[in-house]
Amino acid sequence: DTAVSQTPKYLVTQMGNDKSIKCEQNLGHDTMYWYKQDSKKFLKIMFSYNNKELIINETVPNRFSPKSPDKAHLNLHINSLELGDSAVYFCASSQATADESEKLFFGSGTQLSVL
Amino acid sequence: GQNIDQPTEMTATEGAIVQINCTYQTSGFNGLFWYQQHAGEAPTFLSYNVLDGLEEKGRFSSFLSRSKGYSYLLLKELQMKDSASYLCALYNFNKFYFGSGTKLNVKP
């Protein structure tokens, strides 16, 4: 009964390949996110979707394409992987209200290593 | 950007009290959150401040002063399991802006 689940947990691949990370939440939240955490542990937002609609795209390269088939799922596809894409990618969800329930629930993360 | 600053690393002793500071420069935000992240795991929610003042949750308290651009997380009766990174985050219009986190080492 995991709240936010993402797969795979580890992803090791060669430069130039295309890969996808899947995310699902069973919390009934309207908003889902993708965050990237680099080697310095800095968490930076990449995308945000609200009810399947893209609402935030933080100047992420076009090689990254999120897809939200429904509000419970937000997948991330990455084309032509580069060495600099190596990081931990976290999916998260929240219920967008003006109080504490805005808090993010994170998936367990996907450690991507590009060789 | 929000220019959120936190100390990189701190060390404290089991049973002690530690205060982790967070300063920021921004014109406005909805709320300030603190998250805990153990090594290799996902961040988890600790506390939330929207108004100035202290919010207490068991051994953890968080303080906010909007006029001073300052927040802190106070951890009391430190336990070894509190060794983790603590992330300060500002929330504004569906965006969370995270600081780089403070790694807390709790020693016996």
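Tutor: A salt bridge is a side-chain nitrogen of Lys or Arg within 4 Å of a carboxyl oxygen of Asp or Glu. The model is predicted, so local features need pLDDT of at least 70 and side-chain atom pairs count only at pLDDT 80 or more, while totals for chains, interfaces and linings use all residues. Residues are numbered from 1 along each chain as its sequence is written, chains are lettered from A in the order in which they are written, and side-chain values use heavy atoms, without hydrogens and water.

Student: Which residue of chain A forms a salt bridge with B:Lys95?

Tutor: Between chain B and chain A the count is 1 salt bridge. B:Lys95 has its closest N atom 2.6 Å from an O atom of the partner, and that partner is A:Glu58.

Student: Which three residues supply 30% of the area that chain B buries against chain A?

Tutor: Buried area is the accessible area (1.4 Å probe) that two parts lose on being put together, summed over both. The two chains, B and A, bury about 1700 Å² between them, with 59% of it on carbon and sulfur atoms. On the chain B side, more than any other three residues, the 30% comes from B:Asn94, B:Phe96 and B:Phe98.

Student: Why is the pair of B:Phe33 and B:Phe96 edge-to-face?

Tutor: Rings of Phe, Tyr and Trp (its six-membered ring) pair if their centres lie within 6.5 Å; planes under 30 degrees apart count as stacked, over 60 as edge-to-face and the rest as tilted. The structure holds 22 aromatic pairs over all chains. For B:Phe33 and B:Phe96 the centres are 5.1 Å apart, and the pair is edge-to-face because the planes stand at 65 degrees.
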